[in-house]
Amino acid sequence: MKRILLTTVSLGVLGLLSPAFGADLPTYSKAPSIAAPVYDWTGVYVGVFGGGGYGNHNVNDALGTNTPFADYTANYSSTGGVAGGEVGYNWQSGSYLVGVEGDLFWSGIRGNDSSAIAAGAFPITSVDQDNLRWGGTLRVRTGFTIDRWLMFFTGGYAYGNIIHTNTDPVFGVDKFTVQANGLTGGAGFAYAITNNVIGKFEYRYYNFNGYNRPGNPLTPNGQLPYTTETTYSVVTIGLDFKFGGPVVAKY
């Protein structure tokens, strides 16, 4: 009888104590799920690019007043390939990006107005030709990111080394180099193929200041002094290698 009574009392005491013990035990909850890592565009990068371009050129003579030296504006185009390299730095905050980029490029964009002159479109006989040999830019970039995608806009200073040639059938050739300065602007998009390799597509517009060929009173090959204004449109694809800046995991 005593044994039964002792057992009953013990079970009752354990029943009273069990809530107190349970309150002291740690509770467990499900760990938060990890979202897919988000790409971080911040960092230094170097790259290469290549593509093609189109140039538009205007030769203006504002001095002639009498036939056959009447005022004229000769317009012609140029085409060719470009290739070069770049270095830059991006800084990302949230979905927005700002950065700075510089590049140097080789160019084979060249053209002349011989076909228009042959067709009698211009009241001149000398042929003008422009050959953009190389150039460079220093620009800022701004953009909007969606994980590994980047859409960007860019603009800044541009430099071009242009050889201009004027060929007269009687007085010969006048060939000189123009150090052209101007502005460039454009846009494009990029995609991070891996954490370090980035592919991109870009359009760029170049507007170089007009340059003139003075005369005393004529140019070295007997032409009236003239001014040439030049613009270029260039489309390129490229690959960049980004240093550092690992992907960031978000919870």
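Q: Which element gives the largest share of the lining of the largest cavity?

A: Rolling a probe the size of a water molecule over the atoms shows where empty space is left. On a 1 Å grid over the protein atoms alone, a cavity is a set of points where a 1.4 Å probe fits but cannot get out, and lining residues have an atom within 4 Å of a point. Here the largest share, 4 residues, comes from β7. Please note that this is a predicted model, in which local features need pLDDT of at least 70 and side-chain atom pairs count only at pLDDT 80 or more, while totals for chains, interfaces and linings use all residues. Residues are numbered from 1 along each chain as its sequence is written, and side-chain values use heavy atoms, with hydrogens and water left out.

Q: Where is D103 found, and is D103 buried or exposed?

A: Strands (E, at least two residues) and helices (H or I, at least four) are DSSP runs, numbered from the N terminus. Buried means under 20% relative accessible area, exposed over 50%, and partly exposed in between (1.4 Å probe, protein chains only). D103 belongs to strand β3 and is buried, because its relative accessible area is 5%.

Q: With which side chains does the side chain of D103 make a polar contact?

A: A polar contact is a pair of N or O atoms within 3.5 Å; within protein, one must be able to donate a hydrogen and the other to accept it, and residues adjacent in sequence count only if both atoms are side-chain atoms. The side chain of D103 forms one with that of T137 at 2.5 Å and another with that of R139 at 2.9 Å. D103 and F49 lie 54 residues apart in sequence, with 9.7 Å between their C-alpha atoms.

Q: Which residues line the second largest cavity?

A: This cavity holds about 50 Å³ of space. W41, Y45, N90, R141, L150, F152, A190, I198, K200 and D240 form its lining, to which β5 (149–168) and β7 each give two or more residues.

Q: Is N90 buried or exposed, and which residues does N90 touch?

A: N90, in strand β2 (residues 72–93), is buried, because its relative accessible area is 2%. Contact means heavy atoms within 4.5 Å. Leaving aside residues up to four places away in sequence, N90 touches W41, T42, G43, Y45, L97, V98, G99 and R141. The side chains of N90 and R141 are joined by a polar contact of 3.3 Å.

Q: How many helices and strands does the protein have?

A: The protein has 2 helices and 8 strands, in the order α-β-β-β-α-β-β-β-β-β from the N terminus.

How values were computed. 1 Å grid on protein atoms, 1.4 Å probe; cavity = no way out; pocket = protein on both sides within 12 Å on 5 of 7 lines; lining within 4 Å. Points joined across faces, edges and corners; volume = space filled by probe spheres on them.
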